Amino acid sequence: MTGFQHLSVRLKILSVAGLGIFLFLAYFLYSYYIAETNIDHLRQVESHDFPVLELVNANNVEFLAISDAFDDAISQADAGLLDEARERSDRFLERLGDIERLDPTLSAPVDDLRSAFITYITVANDTAAGLVENPGARVDSYEALTEMQRLEQQYTDEHGAFEQQRYQSFRDNLNASREDNKSTQLIGLALGSVAFTLLGLIALRVTRSITRPLEDAMGAADSIASGNWDTEIRSDSRDETGHLIRAIRKMRDTLKARTDEDRRQEQLKNQLSELNALMRGDLSIEQLGNNLLSYVVPTLEAQVGAFYTFDTDSETLRLSSAYAMQRRKQLANEFRLGESLVGQSALEKKTIILEQVPEEYMLVGSGTGNAAPRNVMVLPILHDDELKGVLEVGAFQSFSESDTAFLEQGAALIGVALHSAQNRLRLAGMLEQTQQQARALEAQKEEMAQVNQDLEEQAMELSASESRLQQQQEELKAINEELESQTQALRASEESLQAQQEELRVTNEELEAQAKVLGEQKAEMGQKNKELELLHQELEDKIKELELSSKYKSEFLSTMSHELRTPLNSILILSNALGQNKKGNLDDKQVEHAQVIHSAGADLLSLINDILDISKIEEGKMDVMVDAIAPSELCDHFQRHFSHIAENRNVAFHVARGEGLPASFYTDRQRLEQILKNLLSNALKFTDDGSVTLSIERPGEDERIPGRMDRASTLKFAVTDTGVGIPEDKQKLIFEAFQQADGTTSRKYGGTGLGLTISRELARLLGGEISLHSDGPGTGATFMLYLPEGHAGQGEQADDGAAPAEPVDIGANAEAHTAADLPLEGQDDDGFVVREKTVLVVEDDGEFANVLVDLAADYGLESHICHDGETGLEYARRYRPSAIILDIGLPGIDGWEVMEKLKADARTQDIPVHFLSGKDERKKALDLRRHRLPRQAGQPGADAQRLRQDRDRHRDQCAAPAGGGGQRHPA
């Protein structure tokens, strides 16, 4: 069996299959032999025993007929009957001859029967012939008749004995054949059992020789998959299973080596990251060295370390920081390039590693003793190939490759940090120098101002002196004749005055130079003011361009929304109809394709709505309609709508209400539900396992809320999940438009990134704020919406503020859904035709109108299309359809004017009208409905109350897209 085990799996299987085929052929040949033997037995019975029995039975019948013929011939004396008996006798004898020929072994019994029959025939023939010839001799032939009867009985006995022997022989042959067949079957069954048992044992042995190594291989693979790399894998087989196990063993060794390498690289990256974190910040060189050594030395399991910085001015390395190093007199703290191992490593810019150094080389001491590290590594610190310092580490054990790699890669980080610290020091010095220069310039400026003030005072004094001199000259001229004796003195005074004038002229020139400098500075300031005015003008132009661009963007989005929703209506309605497959002419694959098209169209519609919402929020055109909302009703609403979604995702969903909540609070229900739906949808999308909880409660005493809100009248809506969580650096980014925590193209979760942006802006529109808390990836997240509680009069003010100054006269009838209870009198006598179960479609888009017609036909409604408002009014007045589907954007008169004319006409005012719009006209539609509500006498504010109730009933219809596009406004 050892040689058999070394066979390949293919040869083992072929061997078992060959043995099975051989045993099957042997059993088949044996069965074939048994079948042939049985066929021979049956052929013998068929060719011998059956014919003999048939002849015996035929002779038995023939003998009875012969006996009856002789009896009749004797009794009737009829020669014809006698001849018949003779003929039968001849045939009887022929059959006896046939029996003898079929079975020669029966010659003796056949001869006895033949002699007995001939004796009987002879006596019977003579007796019958005599009685036929002489009927009167019957009385005398009594003895002959008696003899004939005796011979007949004798033959009958012999024939019966012969027949009994033949039947017994036939049964013996059959029993013998049966026994042979039974014994043959038993032998074949025994041989087959032995053969198949042997085959089963061999197959079991072969199967175990194949499956046992495979089971060992599976166990080893599972153990390897669970991270047990030390699993023992043995195999002595040389077949494919042995090759498989050896391949798994090789795979384990490779994976173990790769995992060890990955773990080492990951540890190295973590160490580098932690080292980099310790070196961040505004650190001095000494702090940097202390942080560096306090991390590197314990990480390398070293005992001592030193950090030297390089001074480029003196080209020396100075000891900056040390770790557990003992100061000794013979050791210097400064080294030049090439001096000692520190200087040599700095000079060569290469790492130096020493092993098994002498015991006196370095000592590491503590309170209980000291020892000498036997391994030392000296590592230069470089930045852009420029020497920054040297790191020296000593350890008892040898440095591993991981330690060397960590230090070599960390040297670059240390170089960057050291370079940054040195730059900060240089910048600090330059900043101090600049500040000193600024102070000196300020002092010089003050001195110059004082000098200018002194010069101005001197100029004023000189001017006064000049005027006095002029007066003196006039006085001197008047008394010139009288003071001729004083001429010389006056000339001397004149010379002195000329010198003073010269000084005054120099001073004036200096003042003019200073005035010129001031003029230049003034001109420069004027030029800068002009430049500022130009920049201000450009800024205003940019603002105008931005406003114009925003206007164009709004118009473009409005137009594109209408253009996109129009074909999207057709796509959603038709795909929904195909998905329902009411006619049953589509197969499952086609129905699935239709459902996929409908789902994709709905997603596209949602994206269009998000883009329009963010555009309206940016333009400040989002309307707020305040409603009274009960917290219990809101909780029940979200419990109903999100429970089945959570069940489909195998996530638990809870809704909790806190204590101290008001019976009702006042805000825009639609906007609030939109915010909470966005938050709950995100929570369910990013939670694969766990739970999602919506809670409504008051903020806690220690909880931080927006500063402009009052804690006592603030409600907190919190959506908490146990999903993937949000990194801290992405918690502000996700509130920006088109931003997600995972913004890569291969992200796992889909979406546009607009939901949270819209939710934040809607919250601010409602006077609230959204905040986020998450401890990081894998810890889940909590989004908190803070809203003011509002007050009861707020809803009335919002409704009154939305009312126009003048009422619109569109008829004093009730709403369309109640108008059917108010039939008009004599309407059948006004000359127009009433069309039952008909729908009038007023739509300028022919393709979409045809889609609506097909959809109405599915519900058994007859439809008619009008492509403008005038034709629609004429048709409605003439045929009075059961309902009207009205597009707002029509050529000619728009849908609003058509609506007013329909409600102002007695023939059409009670027809239900369903609005279709490519814009959000919800507010205008509700205003239109409110002006149609009659005021009740003695009940002030009843119309506003009824409007709010009606708006609550039709909220979903007014906010939901009609057929996947546009806005629905039932009138």
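This is a predicted model: local features need pLDDT of at least 70, side-chain atom pairs count only at pLDDT 80 or more; totals for chains, interfaces and linings use all residues.
**The chain as a whole**

The chain runs to 971 residues, and 36% of them count as buried. Its secondary structure comprises 22 helices and 21 strands. If you take the contacts between residues at least 6 apart in sequence, 69% of them join residues at least 24 apart.

Now to some single positions. Leu-106 sits in the loop that links α3 (79-102) to α4 (107-133). Setting aside residues up to four places away in sequence, Leu-106 touches Val-52, Ile-99, Phe-162 and Arg-166.

Phe-170 belongs to helix α5, which covers residues 142-225. Its relative accessibility is 13%, so Phe-170 counts as buried as well. Which residues does Phe-170 contact, leaving aside its neighbours within four places in sequence? They are Val-45, Asp-49, Phe-50 and Leu-53. Between Phe-170 and Asp-49 there are 121 residues of separation along the chain, while their C-alpha atoms are 6.0 Å apart.

**A pair of packed helices**

Further along, helix α12 (residues 631-648) packs with helix α13 (residues 669-685) at an angle of about 30°, and the two axes are 12 Å apart. The crossing of α12 past α13 is right-handed. On the α12 side, the residues that meet α13 include Leu-634, His-637, Phe-638, Phe-642 and Ile-645. Their counterparts in α13 include Leu-672, Leu-676, Leu-680 and Leu-684.

**Helix α17 and its buried face**

Helix α17 spans residues 846-858, 13 residues in total. From first C-alpha to last it reaches 19 Å, close to the 18 Å expected at 1.5 Å a residue. Which residues of α17 are buried? Phe-848, Ala-849, Val-851, Leu-852 and Ala-856 are. Viewed down the helix axis, the buried residues of α17 fall within an arc of 155°, so they line one face of the helix. Just after α17 comes Gly-860, which has a positive phi of about 75°.

Asn-650 has a positive phi near 60° and lies in the loop between α12 and β10 (652-657). Arg-880 has a positive phi of about 45° and is found in the loop between α18 (869-879) and β18 (883-887). Their surroundings can be set side by side:

| Residue | Phi | Relative accessibility | Class |
|---|---|---|---|
| Asn-650 | near 60° | 63% | exposed |
| Arg-880 | about 45° | 14% | buried |

Why do they fall in opposite classes? Exposed means over 50% relative accessible area and buried means under 20%, so Asn-650, at 63%, is exposed, and Arg-880, at 14%, is buried.

Notes:
Residues are numbered from 1 along each chain as its sequence is written. Side-chain values use heavy atoms; hydrogens and water are left out. Helices (H or I, at least four residues) and strands (E, at least two) are DSSP runs, numbered from the N terminus. The expected span of a helix is 1.5 Å times one less than its number of residues. Buried means under 20% relative accessible area, exposed over 50%, partly exposed in between (1.4 Å probe, protein chains only). The arc is that of the directions from the helix axis to the C-beta atoms. Contact means heavy atoms within 4.5 Å. Axes are lines fitted to C-alpha atoms, for helices over the stretch in contact, and angles run from 0 to 180 degrees between N-to-C directions. A crossing is left-handed if the near helix is turned anticlockwise from the far one by less than a right angle, and right-handed if clockwise.
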